Amino acid sequence: MTDTPDPKPIAALADTGPTAPPRSQWRDVWDQFKTHRGALAGSIVLFFIIAAVFIGPSLWPHDASFIDILARNKGPSLGHPFGTDQLGRDMLARMMAGGQTSIAVGLTAMLLALGLGSLVGVLAGFFRRLDGPLMRLTDLFLSLPLLPLLLVMVLLFRETLSGLFGPETGIFILIVVAIGVTSWMPTARIVRGDVLALKEREFILAARSIGTTNYNLITRHILPNVASPIMVSATLGIANAIITESALSFLGLGFPPDFPTWGRLLNDATQYLQDYPERVFWPGLAISLTVLSINYMGDGLRDALDPRIRGR
Amino acid sequence: MLTYTIRRLVLAIPTLLFISLVIFLLLELAPGDPMAQVPLTVPPDVKEKMRLALGLGEPTHIRFVKWMWQFFVVEPMNFIDWAFGTAFSEGQQRVLSWQFRSPVMDVIAQRMPQTLWVVAMSYVVGILIALPIGIYSAYRQYSVFDQTGTFVTMVGYSVPPFFSGVLVIVIFSVQLGWLPSIYDTTLKVVDWQSFKLQLMQMVMPVMVLALQTTAQISRFMRASMLDNLNQDYVRTARAKGLSEWTVVMVHVLRNSMIPVVTVIALGVPNIFGGAIITEQIFKVNGLGQLLITAIEANDLPMVQTVTFIIAVLIVFFNIVADVLYGVLDPRIRYD
């Protein structure tokens, strides 16, 4: 009767080859990061702040330490958008100079804390014999009263280090080391947990079976796999370090008075709170905005780096 | 559970001993001289006697043991004497402050009420605000309330107390003149009028501290609620026909509170550390302010004792948090 049609291949089973070009992991991470609006806004604001603070001084005519005693305590004007302080120094220039120090302290202290934390975490997770002692040490550090100890440390060593490296570099080293030494513990705990889980995976066994040394195993196989939690704690670490430095400066135990940081400027401004309340606003806003944008970035980064959330 | 608690408590002893040693050795490096304030006309041999009177003449390890004896034996005995009118500590040397020349513990006892009033009140207020926010944001995830709540807690997390504190002073004391910017500790609450004054001077420090607490705890509460809201037992409870209120406020909330309670316990000692800055801003003469002035005045026994008390609080509340976790959540077995 009727002819049976030729058996056509079922369309769905036909092998068409990959339709989209291959995507790298970091491309995926970036795509996920973009969908987090707060994180995106945070990174733009942070980028703007960093650019303003580091490029700004070369464009702005006033110097942060130039004293113009006749123009002291001026309100905002075209020449001085943020006004001038009690010695007639331009507040905008001081804000930019202060931001350089605050951000530099934040970054360096974060790097130190991250290095220490990752080292302790990887060693504790990888070598079973070191696990007990290192984790007891971490617990010990976690039960120290950190802010009082920071204050004591800064007070005790500032003279010595100022003498050794000069007042500014000395205090910088002191504050960075003090903050770094007191904030590595959360990173160490997170990294240790991840390393413990990774150590049992097959690819580590495979690498070990072809005779990879411990050093190579850690640097090539373990570290790249714990990079994402380290990156997340890095962002939170910067925020924490900036706040701690500002707190120390605010309590008068940070950088010397003629050396502006955001915390120092805030502290100076509180003494003139009754007469010039608006002067408090800018340094405080700068600290809060920086920390807020970094926190949002960390939030977005945490989502973007988590493969279980990514792609949904 | 009991063995676990006892083991933790026993393990806390070497930890605390080590912490006290670390603090002591750190202070030992202090360059300042407590005799620096003494006039130059005082002859050197008298000065030497004054040093001995402060307990400075002996080697480090002997002074450390003496401090421990005074802190762990004499001071508790003194407390018992004070409480029950006995005389155990008669004639025993107590830890003396160099700047006040009076026992450190007496000064701390004077400062404690202010800190406890402001700090404890702010912690309670913070928790009371945080819990409903956390619960509702999780229940209506991604709603406008949730988005605003997340933003506000993010801001509360990021704005340091030394800015929010100064900001509320500018707004409410300088501009509006509603609230006093300085905490008056001599104020005694006797009648309605003084109670109102006390309330007014407490509002700003309490709110500034509470903002931080609220930010942390409401985020925790939200995350914990979200974890539980999608569990099977919630669907079962709804399928049984329980009201939405019972499902959320009884079934989900009770399970979500387990991690939150431990976070609340862990945060108690932190608030004493964080209160240092707030007390400085509002000029509350509490423990934090005492510590700062002691550091500036080189009053080593005071710094040592206050720092150690904070360390004891941290260690103690760490244990409380861990034990609570085990008690509240039967899935966690330490033994």
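Helix α4 of chain B passes helix α7 of chain B in a right-handed crossing, where right-handed means that the near helix is turned clockwise from the far one by less than a right angle, and left-handed that it is turned anticlockwise. By class, this contact of α4(B) with α7(B) has 22 nonpolar, seven polar and one charged residues; Ala, Val, Leu, Ile, Met, Phe, Trp, Tyr, Cys and Pro count as nonpolar, Asp, Glu, Lys and Arg as charged, and the others, Gly among them, as polar. The model is predicted, with local features needing pLDDT of at least 70 and side-chain atom pairs counting only at pLDDT 80 or more, while totals for chains, interfaces and linings use all residues. Residues are numbered from 1 along each chain as its sequence is written, and chains are lettered from A and ligands numbered from 1 in the order in which they are written.

Helix α4(B) spans residues 104-139 and α7(B) residues 192-229; their axes come within 6 Å and cross at roughly 35°. Axes are lines fitted to C-alpha atoms, for helices over the stretch in contact, and angles run from 0 to 180 degrees between N-to-C directions. Helix α4(B) also packs against α5(B) (residues 144-158), at an angle of about 135° and with the axes 8 Å apart. That angle makes α4(B) oblique to α5(B) (under 35 degrees is roughly parallel, over 145 roughly antiparallel, 65 to 115 roughly perpendicular and the rest oblique). The crossing of α4(B) and α5(B) is left-handed. Here B:Ile133, B:Tyr136 and B:Ser137 of α4(B) meet B:Phe145, B:Asp146, B:Gly149 and B:Thr150 of α5(B). The contact comprises three nonpolar, three polar and one charged residues.

Chain B as a whole has eleven helices and zero strands; helices (H or I, at least four residues) and strands (E, at least two) are DSSP runs, numbered from the N terminus. Its C-alpha atoms fill a box of roughly 85 × 60 × 40 Å along the principal axes. Of its 335 residues, 33% count as buried, that is, with 20 or more other C-beta atoms within 10 Å of their own, against 12 or fewer for exposed residues and numbers in between for partly exposed ones, C-beta atoms being placed from the backbone.

Between the chains, 32 residues of chain A are in contact with 35 residues of chain B, contact meaning C-beta atoms, placed from the backbone, within 7 Å. On the side of chain A that touches chain B, α5(A) gives the most, with ten residues. The residues of that side divide into 24 nonpolar, seven polar and one charged.

Elsewhere in chain A, helix α8 (residues 202-209) lies largely in the open, since zero of its eight residues are buried. Just after α8(A), A:Gly211 takes a positive phi of about 90°. A:Phe47, placed in helix α2 (residues 37-59) of chain A, is exposed, with 11 other C-beta atoms within 10 Å. The C-alpha atoms of A:Phe47 and A:Thr290 are separated by 9.7 Å, although the residues are 243 apart along the chain.

Definitions and conventions:
Contact = placed C-beta atoms within 7 Å.
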